[in-house]
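Student: Please take a close look at a single part of this model and describe it in one connected account. I would like each term to come with its cut-offs.

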Amino acid sequence: MTNQTASTAAASCPNQGQDEGTEYFVIITVMRPLPGGFSVKETQAYITLVEAGTTRLALLEQVNGEIPQRMRSGVIVFFSAEPNQIAPGEYAVSATLEQPLFGGATQVSSKTRGAQAQPGTRRADLYLWMRDLLADEGKAGSLVFFSAEPN
């Protein structure tokens, strides 16, 4: 199996043929404790090529072994593994972020937008588009939900 983080993968990972396996877009968010009773959530996104028949559990185990060491002792609060290739058409793209506030409080922000997927658009592309949309609105934080589903 090969992996790339999504920040570079959407631009650089070539589409793979079915003979070589299936490309999956995997997101994992982990919450880990910090001193003083606080915690932090961190998200990693990957594109990975897997053999036919690979289960989501196997993908979780693989990614859990590849995330940064600091995340490995945390609690998984979000995990998604979906085929990266998507059919052209209209999609509902949703994301929910949890933003830390002063004093340990958090604010949850959700956004759903329609997107037109052209031939060659991948799930990772929609993720990066939504992430950039939220960043343009000044929203940053830990991803606690992402979905890109056909309308």
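Tutor: Helices (H or I, at least four residues) and strands (E, at least two) are DSSP runs, numbered from the N terminus. This is a predicted model, in which local features need pLDDT of at least 70 and side-chain atom pairs count only at pLDDT 80 or more, while totals for chains, interfaces and linings use all residues. Residues are numbered from 1 along each chain as its sequence is written, and side-chain values use heavy atoms, with hydrogens and water left out.

Glu-23, a residue of strand S2 (residues 22–33), is buried at a relative accessible area of 6% (buried means under 20%, exposed over 50%, partly exposed in between, with a 1.4 Å probe and protein chains only). Its side chain makes polar contacts with the side chains of Asn-84, at 2.7 Å, and of Arg-122, at 3.3 Å; such a contact is a pair of N or O atoms within 3.5 Å, where within protein one must be able to donate a hydrogen and the other to accept it, and residues adjacent in sequence count only if both atoms are side-chain atoms.

The part to study closely is an open sheet of 3 strands, in the order S6-S5-S7 with antiparallel pairing (two strands pair if DSSP finds at least two bridges between them). Strand S6 (106–117) and strand S7 (142–150) are the edges, and each has a single partner strand, so one side of each lacks a neighbour in the sheet. On average, neighbouring strands of this sheet are turned by 10° against each other, direction ignored. Helix H3 (residues 123–136) packs on this sheet and touches S5, S6 and S7, its direction making about 130° with that of S6; contact means heavy atoms within 4.5 Å, and axes are lines fitted to C-alpha atoms, for helices over the stretch in contact, with angles from 0 to 180 degrees between N-to-C directions.

Within the sheet, 8 bridges join strand S5 (residues 89–100) to its antiparallel partner S7, and Thr-96 stands opposite Phe-145 in S7. The buried residues of H3 are Arg-123, Ala-124, Leu-126, Tyr-127, Leu-128, Met-130 and Leu-134.

The loop between H3 and S7 holds Glu-137, which is partly exposed at a relative accessible area of 37%. Leaving aside residues up to four places away in sequence, Glu-137 touches Lys-111 and Arg-113, and its side chain is joined to that of Lys-139 by a polar contact of 3.5 Å. Gly-138, which follows H3, has a positive phi, near 80°.
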